[in-house]
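Look at the model shown here and keep it in view while reading. The paragraphs below go through some charged pairs, some helix contacts and some backbone angles.

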Amino acid sequence: MGYAQLVIGPAGSGKSTYCSSLYRHCETMQRSIHIVNLDPAAENFDYPVAMGELGHLEDNLDDWLTEELDNFLDDDYLVFDCPGQIELFSHVPMLRNFVEHLKRKNFNVCGVYLLDSQFMTDVTKFISGCMASLSAMIQLELPHVNILSKMDLVTNKKDVEDFLNPEPQFLLSELNQRMAPQFAKLNKALIELVDGFSMVSFVPLDLRKERSIQYVLAQIDNCIQYGEDAEVKIKDFDPEDDD
């Protein structure tokens, strides 16, 4: 069983910075992970690139991925740093096909959606971010962890904290105050949609704090059941009680 994070989100949301910080954190913990950059436009990396650059992922998916995955062990942990074009994880089937290929290769995969916390300044932007994340979640059909990145750059954290785990009624009230009355029914439908898919939960990430990185990683590991197989194997080989 292999494990994988698919790191997605709009351009500028901090995906590559997250990947490099995660790599350094795991290196400190003496935990092995491999970062794979899927963006053909990327040139400079702050982490060791585990796979070669691929310019035409969709055309060469099966052959390329099969060949590259053969270089890893069955229980390796891969982190895919994806391009920032929103259409790749909202409606174009390329990343969905990529995920299906990973699953066929016996990988547990988690979608990790990054949203710039500086974007979350009011309820309209929050709902917009939720809709983009929900689109990716439905398109990819993966366990999903939403991360508010760049928390270290937020000057007034109270503005962001209001949207970490908000009550639906709070969101609806805020949205109605900012929108014209004719949008009341649409606002109610949007809030019900967000609440129904449990999309009102974001995990804040401050890369200055190791504890914050560790918490995010624990949430993702739980989604893909990382470590559970190892615990089972240890228990299987426990010596039987002499009594």
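Asp 206 counts as buried, with a relative accessibility of 5%; buried means under 20% relative accessible area, exposed means over 50%, and partly exposed lies in between, for a 1.4 Å probe and protein chains only. The side chain of Asp 206 meets that of Arg 208 in a salt bridge, at 2.8 Å from N to O. A salt bridge here is a side-chain nitrogen of Lys or Arg within 4 Å of a carboxyl oxygen of Asp or Glu. Arg 208, at 56% relative accessibility, counts as exposed.

This is a predicted model, in which local features need pLDDT of at least 70 and side-chain atom pairs count only at pLDDT 80 or more, while totals for chains, interfaces and linings use all residues. Residues are numbered from 1 along each chain as its sequence is written, and side-chain values use heavy atoms, with hydrogens and water left out.

Side chains of opposite charge can pair when their charged atoms come close. The structure holds seven salt bridges. One of them joins Glu 141 to Arg 96, with the closest N and O atoms 3.4 Å apart. Glu 141 lies in the loop between α5 (123–140) and β5 (144–149), and Arg 96 lies in helix α4 (residues 94–104), so the pair ties together parts that are 45 residues apart in sequence. Helices (H or I, at least four residues) and strands (E, at least two) are DSSP runs, numbered from the N terminus. Glu 141 is partly exposed at 48% relative accessibility, and Arg 96 is partly exposed at 26%.

Helix α4 also holds both Glu 100 and Lys 103, which are three residues apart, about one turn of the helix. Their side chains form a salt bridge of 4.0 Å from N to O. Glu 100 has a relative accessible area of 27% and is partly exposed; Lys 103 is partly exposed at 33%.

Next come the helix contacts. Two packed helices are described by the angle between their axes and the distance between the axes. The axes are lines fitted to C-alpha atoms, for helices over the stretch in contact, and angles run from 0 to 180 degrees between N-to-C directions. How do α7 and α8 cross? The axes of α7 (residues 168–178) and α8 (residues 184–196) come within 10 Å and cross at roughly 150°. The two helices are therefore roughly antiparallel to each other, a term for angles over 145 degrees. On the α7 side, the contact (heavy atoms within 4.5 Å) includes Leu 171, Leu 172 and Leu 175, and on the α8 side it includes Ala 184, Lys 188 and Ile 191. By class, this contact of α7 with α8 has six nonpolar, two polar and two charged residues. Ala, Val, Leu, Ile, Met, Phe, Trp, Tyr, Cys and Pro count as nonpolar, Asp, Glu, Lys and Arg as charged, and the others, Gly among them, as polar.

Helix α7 also packs with α5, at an angle of about 115° and with the axes 9 Å apart. Val 123, Thr 124, Phe 126 and Ile 127 of α5 make this contact with Leu 171, Glu 174, Leu 175 and Arg 178 of α7.

Finally, the backbone. Asn 106 is not a glycine, yet has a positive phi of about 70°. Asn 106 is found in the loop between α4 and β4 (107–116). Gln 225, also not a glycine, has a positive phi of about 60° and is found in the loop between α9 (210–223) and α10 (228–236).

Definitions and conventions
Angles under 35 degrees count as roughly parallel, over 145 as roughly antiparallel, 65 to 115 as roughly perpendicular and the rest as oblique.
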